[in-house]
Amino acid sequence: MTDSTNKEIGRQPSPYFGYLTKALGTLGSIATTMLGLLFITFVIGRVMPIDPIIAVLGERASKEAYDAMYIEMGLDKPVIIQFLNYIWDVVRGDFGMSLLNARPVVDDIIRVFPATLELATIGTMIGVVLGVPLGVVAAVNRGTWIDQIARVIALVGYSMPIFWLGLVGLLVFYGILGWVGGPGRIGIFYVDLVPTVTGLILVDSIIDGQWDVFWDAVSHIILPASLLGYYSLAYISRMTRSFMLEQMGAEYIITARVKGMSEWAVIWRHAFANIKVPLITVIALSYANLLEGSVLTEIIFAWPGIGSYITTALLSADMNAVLGGTVVVGLLFVCLNIFSDLLYKFFDPRAK
Amino acid sequence: MTYVSKILTSTALGLTLAMSPVLAIAETPDNMLVIANRIDDITTLDPAESFEFAGSDVSRNVYGRLVNFDPLNLDAGYKPDLAASWTVSDDGKTITFTMRDGVKFHSGNPVSAEDAEFSLRRAVILNKTPSFILTQFGFTADNVATTIVANGNTLSITTDKRYATSFVLNCLTAVIGGIVDKKTVMANEVDGDMGNSWLKTNSAGSGAYKVVSWKPNDSVTLQSNPDFYQGAPAMKRVIVRHVQESATQRLLLEKGDIDVARNLNPEDVAGISGKDGIAVDSELRGRLMYMAFNQKHPELSKPKVRLALKYLPDYKGMQDSFLKGQYTIHQAFLPRTYLGAIDDKPFSLDVAKAKALMAEAGVSGFEIEVGVREAQERIEIAQSLQNSFAQVGVKLNITVGTAKQILTRYRARELDMYLGAWGPDYPDPQTNAGTFAFNPDNSDEKKATGLLAYRNAWDPGAMNQAVEAAVIEGDRDKRAKMYQDMQRQHQMESPFGVMFQKIEQTGRRANVKNLNLGGAITSVSYWPVTK
């Protein structure tokens, strides 16, 4: 972004060496971040005032069953050993068994994560498609009634409690108007009709060519996704507006206008081209937030995603599931960060 | 979601609903039952291990048991199921079951005495959490080869001493008494686990339904067994969907996308009551809300003082306000629908009487600490008690803590008073009598922390013998009478003040008939359901 970046790139003896050190540096920072995340989650798991054994066996377990489980869960070993064992397992892709449903946590995550991924992706798409133009229009028409309306839309998005909006949305669009499907990912009649390939029902139904399943899934996802999309929209449109205002006041815009360029070209080819980079960060962040799983939306819409999975696990002291879920979400954040870094380079001509 | 935000939501939703036109109704198919329920407590479907509500709901419909409750007549007590009849030896220690002919597992294998032998032995050997329900009769992994024995068409079980037949049979109606298909289960054995890890997610029963799938926190799908020995169920498929939020369940029910909503909060129940096409059922559950006084406390150990305190809770006021639709007044240690349960309610809010009793005891006032777990309704009960106790000069200091904090102190006999809930473990009166009224050694060294009487440092005296006698009384009616007498004495003398019994309100589409939720003693039955 600044001139120094340019100079640094110019100074590199060989571009390949540069890429290598950068890649190693990135890997190092991922490893450190993940280790820190694991450590904090692990510690929280240990200090929680819940006995994991009672969580598994129930309050009235016999002494023998309790002791056997104590050893089985490795709780007899020093905490540091437990932590190291855990890291070793995670590195091998083994998050252990869920304490509560006795299935591998990895399987659970593979089952619940696509639901969240689908919801977050569609939500973000809605947020971007509507939020960016709204922000641009608001900035261009700064101070007019258009700007005011955009502001109110965003403000409502920011400040309405999501569960309330979700319930009222359900009531109106599902209950009264019947335009959309109800809570859940898919109607009762379509459950398990298409073979699971990606776990994303929208994609799986297309692969299988089952269009009625696809449309049913669309009718179920559209409301919660719009709701989440509204929240991204609120954030994205406000950020877009302020980025645009900054650009619109710049001298090159005046120059462009003086040269007699059309207003459309001034806005989209000049000003907007310059806000793409910071906008990517904003969108990536908002996407990452949705991927974390929006617990309340998932609960209201009976959406079996990762947010409600981690919450349920946390409340039932299923620490393997909590740690597994947290690691996956953490890894996603890191990956999205790297991805948006790569996009920077793509969109920022100075980085090329 | 916080409590306040819940109220806001419900109010907002209620208002909107009230003003909205009638919802367009979709309907589920005639041969399918769709239920919304919180099923996140299911940890396993293996009958030798399952011990939670939603898991018991599945088990009851999937596994036949030797004896079982008839869903259309729960009050009749256990009836023959996979065992057609049974005889009891003269010494009362051996029960010999004759198996019902012609019943098949879902696999097509016939249900034999050998399967029953395997299932009960397996439950003892695996030694999972609910295994105590069987092992309390003296069965151990070492002796099952001689105590649980199949012979041709019969199965004999021999207990370590004489027990009431009704006690043993009631216990066999629990989830752990489920009879599994030995051939199928052993074909799926891994590392000598007797099929435990396979049965966690699969089923091998002979009941009205078989498990198609269980997706944790998502759904349980059951398919009917057309060869069910009591006749093919009308509902071919039963789908239980995990829907956490009461308001969402209500909306699904009103819209007709589900047939039954199992977790409606009182606000939502009020909202749907009286609406066309919807019925609300109230079902008694086994959980009791009680207060208990530590007998190590000098004042609380005086009989008249503890009796006085039982006249102080505003039973009716609480039932009709914040406990509405969740708890109903009940004042004896056996939940209603249990063998020997009584409905006597000798106590009501009577400050004058409490004052008189305190005066007779020569006590004017004192200060005590009550331990309460951080659950909304318990804290509200504690606050209500705080008010009414103050009227006789008893200052109640409320300590709220996590389950672990409060239970640890309760078990260590450190609390002056405890306010909390107790749920029975198995469908026999002994489950509660053996803890509320039994404590043969009250010394600190004994550490019998599993017994509620011990936790309150109470020596039940002669009641210990009464409990032991009831456990071996062979005649079911006589035994019921013994518990009735015991509870009447317990109400007046013990340091326990049982206040409420849990009720659950279920919303259903009015066209759904014969849905029995199992009361306090068993679980839901889907097979009699018709639409």
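Modeller: Here's a walk through the sheet in chain B. First, the housekeeping: this is a predicted model, so to speak, where local features need pLDDT of at least 70 and side-chain atom pairs count only at pLDDT 80 or more, while totals for chains, interfaces and linings use all residues. Residues are numbered from 1 along each chain as its sequence is written, with chains lettered from A and ligands numbered from 1 in the order in which they are written.

The sheet is open, has four strands and runs β4-β5-β7-β6 in chain B, with antiparallel pairing. Strands here are DSSP runs of E with at least two residues, helices are runs of H or I with at least four, and both are numbered from the N terminus; two strands pair if DSSP finds at least two bridges between them. At the edges you'll find β4 (83–88) and β6 (148–151) of chain B, each pairing on one side only. From one strand to the next, the twist averages 20 degrees.

Now zoom in on β6(B): four bridges join it to β7 (residues 154–158) of chain B, and the two run antiparallel. Across that pairing, B:Ile148 stands opposite B:Ile157 in β7(B).

Packed on the sheet is helix α3 (residues 113–126) of chain B, which touches β5 (94–99), β6 and β7 of chain B; contact takes C-beta atoms, placed from the backbone, within 7 Å. The direction of α3 makes about 170 degrees with that of β6(B), using lines fitted to C-alpha atoms (for helices over the stretch in contact) and angles from 0 to 180 degrees between N-to-C directions.

Definitions and conventions:
Contact = placed C-beta atoms within 7 Å.
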